[in-house]
Amino acid sequence: MAHGRDTLVRDGRARPHHRTLRLLGSLLMVAMGVSMTGAAPAQAASPTPLDRVVPAPASVTPGGSPYRITRGAHIHVDGSREARRVAEYLAAVLRPSTGYRLPVTDHGSGGIRLRLAEGPFGAEGYRLDSGPGGVTITAARPAGLFHGVQTLRQLLPAAVEKDTLQPGPWLVAGGTIQDSPRYGWRGAMLDVSRHFFTVDQVKRYIDQLALYKINKLHLHLSDDQGWRIAIDSWPRLATHGGSTEVGGGPGGHYTKAQYKEIVRYAASRYLEVVPEIDMPGHTNAALASYADLNCDGVAPPLYTGTDVGFSSLCVGKEITYDFVDDVVRELAALTPGKYLHIGGDEAHSTSHEDYVKFMDRVQPVVAKYGKTVVGWHQLTGATPAKGALAQYWGLDSTGAEEKARVVKAARNGTGLILSPADRVYLDMKYTEDTPLGLSWAGYVEVRRSYDWDPGAYLPGVPDGAVRGVEAPLWTETIENSGHIEYMAFPRLPGVAELGWSAAGTHDWERYKVRLAAQAERWNALGIGWYRSPQVPWGAAGR
């Protein structure tokens, strides 16, 4: 199976690149007299300013001459396996476009250096120092090194992202960046239930998320239209419940090995996978697979539409809780991360009394298998378990009573993940003319998705209760990687900045200029994106 930078996806189809072809192309360029040394072209080159990065760094101190990556450059590590893995990732990014060997070594100095050292970095922070002698990225933990590498990528010319030899030069501006995130939860959700996405398509999105320091991948694995994960004790969930999707396509599901491959790949990019099994509503695929899960013992037909709120597990049957126990047990065993999402939204076919009863039974099952509960904010209408997180997806206009329940839960210790639908739902249309997406939460242009403060969004929520932000992408109308990218870019980087950067850095007028500079990089990566008229794209947007 193709991985990462060796795969280009067009319209949902993965096509391997062959490094042999790149090598032949490089030799041809040499034969034609094109320099492979990284020498500057005729026009003068200037490095990307240190403050042009997205998300905005915590502190930037520009100064001094730039560092130039040349043919003889090495990537130096301190001997740790974790630092070496990050270094090899960086080398894999740089080698195709520069044509340089860039060996990873434990010896020597100068060049690019990745070092783990104690310091005021936290779990994900880093310091990047650049000067004529080289670039050094220092962090206390491997995740910090990885995030520092993403910053280094953005400081290099966008052509560094290409899989073919480019002329350079490869300059990194001189100075120092010190950086750490505002929030520990910076997430993106991908709904693989309405439409199914292959392992390679998920990996492609993971790589795009990593560039902007996203650290959680929330996979919506079950819904009315499809069940997407193999469960050994209930095999028809995947084979029958996963056999279709919105519009009646063939659907699909992940084997346990494929799911573990996604988890491993995400971990290699320092994203934690948060799996979701939505319940007690959004369960038609499960109900269609096993008649006993229905109160009347009759399995409904598979569903390929887009309505919500019509399905419910049978709260009064003990087999329901056997089912939940088995699913949670098997999924928890596959998931090394801390969290398991149990949904809980739009349970319109479940009475309030039954909803509370169900959540009182199910939340302890998650704890039994060593995971922490995450649920949509309707969970606050019951009693969230100790340590649980509630994911708020309401609107600016959501009623005061519903918001008050969320605020009360936060005051009682429930952490909040903010995903307001009319701000950060990536499936909302940009304008009425957007060919993809929905509009039930309104139109969400780029400025609207960026121009709000998570820390002040729900008045009355105590300091520290907001754990972060997440950008969900529901897929009623999304069928391939090109669709994902068009709806995620350019909004996703702004949500990432809301999660990473200090509130004092949030300024639309400055941000839109930094965002515009990202377009050339998206083009180099083959990412399709929406040319919002709110952003001064320049030549890259033509």
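**View 1. Helices α4 and α6 pack side by side in this predicted model.** Helix α4 spans residues 199-211 and helix α6 spans residues 256-268; they pack at an angle of about 15°, with their axes 10 Å apart. Here helices (H or I, at least four residues) and strands (E, at least two) are DSSP runs, numbered from the N terminus. The axes are lines fitted to C-alpha atoms, for helices over the stretch in contact, and the angles run from 0 to 180 degrees between N-to-C directions. That angle makes α4 roughly parallel to α6 (angles under 35 degrees count as roughly parallel, over 145 as roughly antiparallel, 65 to 115 as roughly perpendicular and the rest as oblique). Their crossing is right-handed, the near helix being turned clockwise from the far one by less than a right angle.

Look for Val199, Val202, Lys203, Ile206 and Asp207 in α4, which meet Gln258, Glu261, Ile262, Tyr265 and Ala266 in α6; contact means heavy atoms within 4.5 Å. Sorted by class, this contact has six nonpolar, one polar and three charged residues (Ala, Val, Leu, Ile, Met, Phe, Trp, Tyr, Cys and Pro count as nonpolar, Asp, Glu, Lys and Arg as charged, and the others, Gly among them, as polar).

A note on reading the views: residues are numbered from 1 along each chain as its sequence is written, and side-chain values use heavy atoms, with hydrogens and water left out. Since the model is predicted, local features need pLDDT of at least 70 and side-chain atom pairs count only at pLDDT 80 or more, while totals for chains, interfaces and linings use all residues.

**View 2. Helices α8 and α9 form another packed pair.** Helix α8 (residues 318-334) and helix α9 (residues 352-368) pack at an angle of about 30°, and their axes are 10 Å apart. With that angle, α8 is roughly parallel to α9. The crossing of α8 past α9 is right-handed. On the α8 side you can find Glu318, Thr320, Tyr321, Val324, Asp325 and Val328, and they meet Phe358, Arg361, Val362, Val365, Val366 and Lys368 in α9. This contact has seven nonpolar, one polar and four charged residues.

**View 3. Trp234 and Phe323 form an aromatic pair.** The structure holds 26 aromatic pairs (rings of Phe, Tyr and Trp, its six-membered ring, pair if their centres lie within 6.5 Å; planes under 30 degrees apart count as stacked, over 60 as edge-to-face and the rest as tilted). One of them joins Trp234 and Phe323 edge-to-face, at 5.3 Å centre to centre and 85° between the planes. Trp234 lies in the loop between β15 (226-227) and α5 (236-239), and Phe323 in helix α8, so the pair ties together parts that are 89 residues apart in sequence.

**View 4. Seven strands make an open sheet with mixed pairing.** Follow the order β3-β11-β8-β9-β7-β5-β6; two strands pair if DSSP finds at least two bridges between them. At the edges are β3 (59-62) and β6 (104-105), each pairing on one side only.

**View 5. Strand β8 pairs with both β9 and β11.** Strands β8 (residues 126-131) and β9 (residues 134-139) are antiparallel over five bridges, and they form a hairpin with two residues between them. Ser130 stands opposite Val135 in β9. Five bridges also join β8 to the antiparallel strand β11 (residues 175-179), where Arg127 stands opposite Gln178.
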